[in-house]
Amino acid sequence: MFPGVDGFHWTFAHVIFLAIFFAVGMTIVATTVLAIWRAHRDVKTRRVEQLRWHAEFEDLPPAERTCRHELAGRVEHRTCPHAFACGTCPEYSKYAALPTDAPEYAFGMDYPPNRLYHRGHSWVREDEDGLVTVGLDDLASRLVGKPDAVVLPEKGQWLEANGTGWRLRKNGCEMRVMAPIAGEVVETGSPAEGWYLKLRVPPEMRQWRHLLRGGEVPGWLMRELERLQLQLSPEGSAPSLADGGMLVDGLMDQMPKADWDNVMGGTFLQS
Amino acid sequence: MASSTLIDRRFIARGVERTGTARFAMWLAPWVLLLGVGLYAAYLCLYYGLNQTNMDNRFAFGLWIFLDLSIIALGAGAFFTGFLVYLIKMKELKAVLNSAVVLGFICYSGAMLVLAIDVGQPARAWFTFWHPNTHSMLTEVTFCISCYLVVLSLEYIPMLLKNRKLRQAPSFLAFEHQLHMLVPVLAAVGTLLSFFHQGSLGGLYGVLRGRPFAFREGFSIWPSTFFLFILSAIAVGPSFLALTTRLVEKVTGKALIPDSVYQRLGLISGLLLAFYVAAKSIDTLVWLNVTSPAVGFAPWEHYSYGQFGIWLMAAEIGLFGLVPAGLLLWPKTRARRGWLMTAAALACCGVLLNRFILTVQTLALPTLAFDEFMTYTPNWQEVATFGLVVAYGVILYSLSYRYLPLFPQEKELAGEVIEEGTHVSGR
């Protein structure tokens with residue numbers, strides 16, 4: 001079969017068979033080697049965080065990929081095809097020019113208008129000193145209450161937008177909070193201080209079109225509260241209308257038997 | 001399901017419901033027992049040799065080869081779905097692609113396992129590559145199946161690395177992504193390999209000049225059975241995929257794929273099955289009227305021994321070919337889940353019967369004047385080894401379903417009604 005083995009001699013059939021066989025073998029080997037090499041490159045160039053976000057986004061059900069313009073009531077229905085990267089969306093400007101038609105209240109929660117909000121429940125505020133403060137938004141804070149542990153990045157560390165910002169642990173539930181923007185960590189805070197990170201962001205990277213603002217926030221909150229209500233309803237109970245109550249502080253402690261692993265996955269956009 | 005009963009919760013994707021760990025262990029227990037018995041039987045065969053089986057010089061092919069041919073045919077859904085999704089761009093079938101890959105991997109690795117026991121001396125398996133019999137169809141089969149199992153493994157790895165715990169490792173995540181990006185290349189290679197080994201498995205029987213029951217004329221070096229095996233495998237692959245998916249839905253009580261995907265699988269299977277039945281009928285007529293008489297056998301002589309009567313041919317072509325093809329092609333029956341599954345089951349039975357006839361009936365019939373009609377019954381070691389493969393398949397599929405994203409639309413479909421009047425309770 002092979003040259004040099006068992007009195008092999010070249011025939012047309014041998015040439016054809018060996019050519020196909022080795023082409024197939026080489027394709028398989030080359031594919032594997034290429035995948036390993038590219039993976040190694042991705043790890044070295046810290047592209048993994050972006051890959052992780054895109055994988056997480058693909059796993060989100062369509063209802064959680066609602067376009068910001070739908071949240072703001074500018075369009076009736078639209079699902080985001082760009083992993084919430086509105087900066088690269090060719091249709092952003094077209095829809096952004098339309099008037100909003102969304103509720104203007106924040107359901108009794110604290111969502112100051114001078115902040116921008118990430119779908120992973122963190123907020124961003126530009127400070128007068130040029131730094132950018134990042135914190136956990138009110139809904140997520142009310143769910144978690146006082147975390148058992150917080151793992152913050154080191155000072156000087158560079159964070160990627162949609163990469164890991166910091167980690168929380170509560171009642172055995174591990175949560176990864178996504179960094180809402182890219183930047184270098186200058187200072188770290190704590191839940192008690194109401195913020196977690198201060199970042200230095202180069203001027204050319206202050207393109208935060210992907211963050212929610214203004215009239216988009218109440219529409220997003222309304223959907224998030226609906227999701228929470230569904231996920232926290234007892235198994236087998238029929239869907240019911242919200243009674244208008246406010247979200248209590250430290251819901252994880254109030255409802256210890258709920259499936260918080262699942263709820264927090266939906267809250268922090270992780271599958 | 002309360003999360004407290006899920007000890008392995010951290011390995012299960014968020015947002016999907018899985019049965020409690022204890023209940024899952026109870027489900028696995030009988031299969032593990034069957035696996036254990038099968039492993040013992042396999043040990044006996046490997047240690048003492050094939051005298052542990054009821055196979056002999058006449059019946060060198062028995063239950064195991066029937067099993068091999070059958071699961072390789074049923075596993076064709078893997079390469080064919082990959083071909084339809086990546087090369088024909090039938091995106092709708094992505095809903096079952098992962099499941100198809102797992103089924104394919106199980107089928108082919110199971111086939112390799114049985115072959116290793118059947119051929120024996122697995123440590124010398126490399127001989128078949130280094131000193132192959134270039135005049136045997138089995139050489140092509142060996143080369144293609146080995147390569148295709150590697151391809152299936154490479155297609156299975158990204159799914160494995162999508163496990164919630166494993167994907168936390170950055171290098172695994174990156175490798176999974178990059179391998180996934182290259183899967184279309186693997187799908188193309190898999191299609192090429194599958195085309196040839198499915199065909200060569202059929203060709204293996206078609207070239208048996210000494211067995212007039214199996215011998216067929218054909219095109220160039222390939223007998224007609226070469227093409228019939230390819231056609232029957234790709235016709236039945238989608239049916240088997242639909243059938244297994246429905247079975248998982250029944251067992252778990254959850255909707256896993258949209259109805260449109262079932263419809264599409266049914267239509268593809270129906271079209272190919274109709275084509276196969278037509279080709280098989282023509283082939284049978286040519287064989288009965290030309291090929292068989294040419295080597296001295298009257299047309300119906302082959303069907304005059306024991307249980308192997310003409311009814312087998314009628315069942316194979318009519319009941320398990322024409323009937324399911326009709327049910328799958330007629331929109332009204334295809335739209336009814338019960339009929340669709342009945343047709344899919346009939347189609348799968350048809351391919352099993354075809355492989356049984358070619359493996360067992362071929363060897364049972366006398367071919368020379370002094371030959372006698374012989375029958376063969378597998379002994380417990382053979383049956384247990386058969387059980388080993390089945391148990392291995394059920395266990396691997398169950399674990400894959402529990403820990404890997406086999407059905408990407410499962411979360412979306414959570415709470416869907418899977419049967420009239422029955423709402424999914426989320427088991």
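**View 1. Strand 4 of chain A pairs with strand 6 of chain A in a predicted model.** Strand 4 and strand 6 (residues 164–170) of chain A run antiparallel and are joined by three bridges. Pairing here requires at least two DSSP bridges between two strands. Strands are DSSP runs of E with at least two residues, helices are runs of H or I with at least four, and both are numbered from the N terminus. Val151(A) has Arg167(A) of strand 6 as its bridge partner. The open sheet here has three strands in the order 4-6-7 of chain A, paired antiparallel. Strand 4 (149–151) and strand 7 (173–178) of chain A are the edge strands, each pairing on one side only. On average, neighbouring strands of this sheet are turned by 20° against each other, direction ignored. The axes are lines fitted to C-alpha atoms, for helices over the stretch in contact, with angles from 0 to 180 degrees between N-to-C directions.

The model is predicted: local features need pLDDT of at least 70, side-chain atom pairs count only at pLDDT 80 or more, and totals for chains, interfaces and linings use all residues. Residues are numbered from 1 along each chain as its sequence is written, while chains are lettered from A and ligands numbered from 1 in the order in which they are written.

**View 2. A six-strand open sheet in chain A.** The strand order is 1-2-3-9-8-5, with antiparallel pairing. Strand 1 (116–118) and strand 5 (158–159) of chain A stand at the edges; each has a single partner strand, so one side of each lacks a neighbour in the sheet. Strand 1 of chain A is joined by three bridges to the antiparallel strand 2 (residues 122–126) of chain A. There, Leu116(A) stands opposite Val124(A).

**View 3. Strand 9 of chain A and its two partners.** Strand 3 (residues 132–136) of chain A pairs antiparallel with strand 9 (residues 195–200) of chain A over three bridges. Val132(A) has Leu199(A) as its bridge partner in strand 9. Strand 8 (residues 183–190) of chain A pairs with strand 9 of chain A over five bridges, again antiparallel. Glu184(A) is bridged to Arg200(A). Strands 8 and 9 of chain A form a hairpin with four residues between them, and Gly194(A) in the turn has a positive phi of about 85°.

**View 4. Helix 1 of chain B.** This helix (residues 21–48) has 28 residues and reaches 39 Å from first to last C-alpha, close to the 40 Å expected. The expected span is 1.5 Å times one less than the number of residues. A kink of about 30° lies at Ala29(B), shortly before Pro30(B). The bend is the angle between axes fitted to the seven residues ending there and the seven starting there. Among the buried residues are Leu35(B), Gly38(B) and Cys45(B). Helix 4 and helix 14 (380–403) of chain B are included in their cover. Gly49(B) follows the helix with a positive phi near 100°.

**View 5. Ala116(B) in helix 4 of chain B.** Helix 4 (residues 94–119) of chain B holds Ala116(B). Ala116(B) counts as partly exposed because it has 15 C-beta neighbours inside 10 Å. Buried means 20 or more other C-beta atoms within 10 Å, exposed means 12 or fewer, and partly exposed lies in between, with C-beta atoms placed from the backbone. Ala116(B) touches Pro122(B) and Ala125(B), not counting residues up to four places away in sequence. Contact means C-beta atoms, placed from the backbone, within 7 Å.

Key. Contact = placed C-beta atoms within 7 Å.
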